[in-house]
Structures are given as C-alpha cells and as structure tokens.
Amino acid sequence: MQKRIASIVKILDEKKAEDIKVVDMSEEEYFVSFVIICTSLGQKHTLALIDELQTKLKNEEFLHIESGEEWSVLDLADIMIHIFDENLRKIYQIENLLDELKKGKFNPSKTL
C-alpha cells in the first residue's frame, strides 16, 4: 500500500500539484484506507493531473472519477484522491475533518 501511495504522491508532485497531504484512515471506520488531498493551479491543471494519474497508474482500477471546476475526486476503492482549487480547499478543510474523525471529535453540527 505504501508503494502505491508513494507513486501517487510522486506523480502529483512531478505535475506540480501543491500542498499534497496523505491522511491514513486505515485504523478508522472510514470507507477508504487513505485519502490524498492536493491543490491544483486551475481546471486545466486538474485535468492534466487526472490524465497523468490515469496514464501512469494504468494497472490501478479507478472505480469512479468525478471532475469538476473546483473539486475533483478519484476513487481507487481503498484510496480516495481529492484535487481542489485553492479557494474551495480552504472552505472545506477536509484534512481537519479527517483529523477530527480520527480523534473521535467530529461534530456534524459544526459543519452546518
């Protein structure tokens, strides 16, 4: 698993994704074992990141890819990759949410 994570991070880094974070959720009751979060420089950059991931990870099975203007998600069954634009990443702060889940401090009413 760590080799797969390292490969994904390397691909994102080589294609200039910013602020790449890996969150280990394997010890939690969460639907994936790892979440990788990064920031893109814009929609064209996001599409280039997705294309590069699909090309270089051709042996991986992408269950679903949802690509939007500000947020894209790639589902590899046990790894979820989130690619955000800078503004939306600041709004959603998924890293903080996942950290709260890991600490058992998640309060859904705080997100409303």
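Student: Read along the sequence, which pattern does the chain follow?
Tutor: Helices (H or I, at least four residues) and strands (E, at least two) are DSSP runs, numbered from the N terminus. Read in sequence order, the chain gives α-β-β-α-β-β-β-α-α.

Student: What is the radius of gyration of the chain?
Tutor: The radius is taken over C-alpha atoms, and the globule rule is 2.2 Å times the number of residues to the power 0.38. For 112 residues the rule gives 13 Å, and the chain comes close to it, so it is as compact as a globular protein of that length. Its radius of gyration is 14 Å.

Student: What pLDDT do local features need in this predicted model?
Tutor: Residues are numbered from 1 along each chain as its sequence is written, and side-chain values use heavy atoms, with hydrogens and water left out. This is a predicted model: totals for chains, interfaces and linings use all residues, side-chain atom pairs count only at pLDDT 80 or more, and local features need pLDDT of at least 70.

Student: In which order do the five strands of the open sheet lie?
Tutor: Two strands pair if DSSP finds at least two bridges between them. The pairing in this sheet is mixed, and the strand order is β1-β2-β5-β4-β3.

Student: Which are the edge strands?
Tutor: An edge strand pairs on one side only. The two here are β1 (18-24) and β3 (64-67).

Student: Which residue in β2 is the bridge partner of K21?
Tutor: β1 and β2 (residues 34-39) run antiparallel, joined by five bridges. In β2, K21 is partnered by I37.

Student: Which strands does helix α1 touch?
Tutor: Contact means heavy atoms within 4.5 Å. Axes are lines fitted to C-alpha atoms, for helices over the stretch in contact, and angles run from 0 to 180 degrees between N-to-C directions. Helix α1 (residues 2-14) packs on the sheet, and its direction makes about 5° with that of β2. The strands touched by α1 are β1, β2 and β5 (79-84).

Student: Which residue in β4 stands opposite H64?
Tutor: β3 and β4 form a hairpin with three residues between them. They pair in the antiparallel sense over four bridges. Opposite H64 stands D75.

Student: In β5, which residue is the bridge partner of D75?
Tutor: β4 and β5 run antiparallel and are joined by five bridges. In their hairpin, which has three residues between the strands, A77 takes a positive phi near 75°. On β5, D75 is partnered by M80.

Student: How many residues of β4 are buried?
Tutor: Buried means under 20% relative accessible area, exposed over 50%, partly exposed in between (1.4 Å probe, protein chains only). Over the chain of 112 residues, buried residues make up 37%. β4 is mostly covered: of its five residues, the buried ones number four.

Student: Why does the ring pair of W71 and Y92 count as tilted?
Tutor: Rings of Phe, Tyr and Trp (its six-membered ring) pair if their centres lie within 6.5 Å; planes under 30 degrees apart count as stacked, over 60 as edge-to-face and the rest as tilted. The count of aromatic pairs comes to three. For W71 and Y92 the centres are 4.9 Å apart, and the pair is tilted because the planes stand at 45°.

Student: Where do W71 and Y92 lie?
Tutor: The pair links distant parts of the chain, 21 residues apart. W71 is partly exposed at 28% relative accessibility, and Y92 is partly exposed at 45%. W71 lies in strand β4 (residues 71-75), and Y92 in helix α3 (residues 86-92).

Student: Is S40 buried or exposed?
Tutor: S40 sits in the loop between β2 and α2 (43-56). Its side chain reaches the backbone oxygen of G42 at 3.2 Å. Among the residues S40 touches, beyond four places in sequence, are T46, I83 and F84. At 5% relative accessibility, S40 counts as buried.

Student: What is the length of the polar contact that joins the side chains of T39 and R89?
Tutor: A polar contact is a pair of N or O atoms within 3.5 Å; within protein, one must be able to donate a hydrogen and the other to accept it, and residues adjacent in sequence count only if both atoms are side-chain atoms. T39 is found in strand β2 and is buried, with a relative accessible area of 6%. The polar contact between the side chains of T39 and R89 is 2.8 Å.
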